[in-house]
Amino acid sequence: MILEEYLKKCVTMTSSNPFNPKANSKAVRMQHSPFGDFPKDKMPKKQTIDEPEPIEVYATSIAIKGNNILKKGSGLGGKTSSKNMKKDVIKPAAPCAGAIKKRKIPISEFRKYYDRGDLPIFVDHMGSGNRIDWKVDIATLDLHHYLPVFFEGIREKTDPYRFLAIQGTFDILDKCGGKVLSVIPQLIIPIKTALNTRDPDIIAVTLKIIQKLVMCSEQIGEALVPYYRQILPIFNLFKNYNKNTGDKIDYSQRKKQNLGELIQDTLELLETYGGEDAFINIKYMIPTYESCVLT
């Protein structure tokens, strides 16, 4: 993940729109200090422009006096009629619905827990790159407490919160496996919140985590079926979200960053491991989906 971001910075360094993960107006802003924001009365005051005095102070306008005068083009004399067709009035276009427009990213519980030092993780700064280190054995963690907190952090856009939350989630899913089954109901709200941000980068990460979650155990796919109505509506919006590059190459498909391909792969995994009721529930939420098992 760190190498991919560094590659993006190098590739877009000379372009008009360089890559900057922090340049997101919808992301949660950083706090003023580790102890929170400064009081409002201590913040520097912005310079304001004094409003001009009313015109009555200097002069009285004709409109206030009430004297009727003729203006150019307002009289009836000298007007002519014409049989030419009137020019078409350009009507304003219909406003965009904004179905896939980015939403404001709500602050996550992961950020609060990490700032307070309640999470057993820290960043190990190495010469080849940063990596996550655990203070305790992952297998001994209380998943009902920690795993929903890490899932809350997958919608973060700033480091170190983003890196720790995503890498920590993958580490827990790798080590715990089938133990995650009992925590599934607590993971639905963080997953739904991350998808509802409608940020392509956050959705791509969330889809990869859902795929990893389904592959942890055979029973997890069936346990997710009752929650399709909370998860799949965003899938239906971005199912055809592919780049029209013409005869060019889209390298995001190889790096698994293309939303259309990721959603299709995730739906096929959900159907494969979701049991006999998975397809009919997916078809109900995404009518254009075609089965990969029945065909």
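Q: Which residue does the side chain of Asp201 meet in a salt bridge?
A: This is a predicted model, and here Asp201 is in helix 7 (residues 200–214). Its partner lies in the loop between helix 4 and helix 5, so the pair ties together parts that are 44 residues apart in sequence. The N to O distance of this salt bridge is 3.3 Å, and the partner is Lys157.

Q: Is Lys157 buried or exposed?
A: Buried means under 20% relative accessible area. Asp201, across the salt bridge, is partly exposed at 43%. Lys157 has a relative accessibility of 14%, so this lysine counts as buried.

Q: Which residue forms a salt bridge with Glu290?
A: The closest N and O atoms of this pair are 3.9 Å apart, and a salt bridge needs them within 4 Å.

Q: How many salt bridges does a search of the whole structure find?
A: One of them joins the side chains of Glu156 and Arg111, at 2.7 Å from N to O. Glu156 lies in the loop between helix 4 (143–152) and helix 5 (161–176) and Arg111 in helix 3 (residues 109–116), so this pair links parts that are 45 residues apart in sequence. Both ends are buried, Glu156 with a relative accessible area of 4% and Arg111 with 3%. The search of the whole structure finds eight.

Q: How many disulfides does the structure hold?
A: A disulfide is a covalent bond between the sulfur atoms of two cysteines. The closest cysteine sulfur to that of Cys176 is in Cys216, at 8.6 Å, which is too far for a bond. Cys176 is buried at 8% relative accessibility, and Cys216 is buried at 18%. The number of disulfides is zero.

Q: Which residues form a nonpolar patch on the surface?
A: Together the patch members have about 250 Å² of accessible area. One of them, Leu237, lies in helix 9 (residues 228–238). Leu237 is partly exposed, with a relative accessible area of 37%. The patch is formed by Ile100, Leu237 and Tyr241.

Q: Which residues does Leu232 touch, not counting residues up to four places away in sequence?
A: Leu232 is among the residues of the largest nonpolar core that touch the most other members. Another residue in that group, Leu267, is also one of its contacts.

Key: Residues numbered from 1 in each chain as written. Predicted model: local features only at pLDDT ≥ 70, side-chain atom pairs only at ≥ 80, totals over all residues. Heavy atoms only, no water. Helix = DSSP H or I, 4+ residues; strand = E, 2+ residues; numbered from the N terminus. Buried < 20%, exposed > 50% of the residue type's maximum accessible area, 1.4 Å probe, protein only. Patch = residues over 30% accessible without salt bridge, like charges linked within 9 Å, V, L, I, M, F, W, Y side chains within 5 Å. Areas by Shrake-Rupley, 256 points an atom, 1.4 Å probe, with all protein chains shown as cover. Disulfide = S-S within 2.5 Å. Core = buried A, V, L, I, M, F, W, Y, C linked by side-chain atoms within 4.5 Å. Contact = heavy atoms within 4.5 Å.
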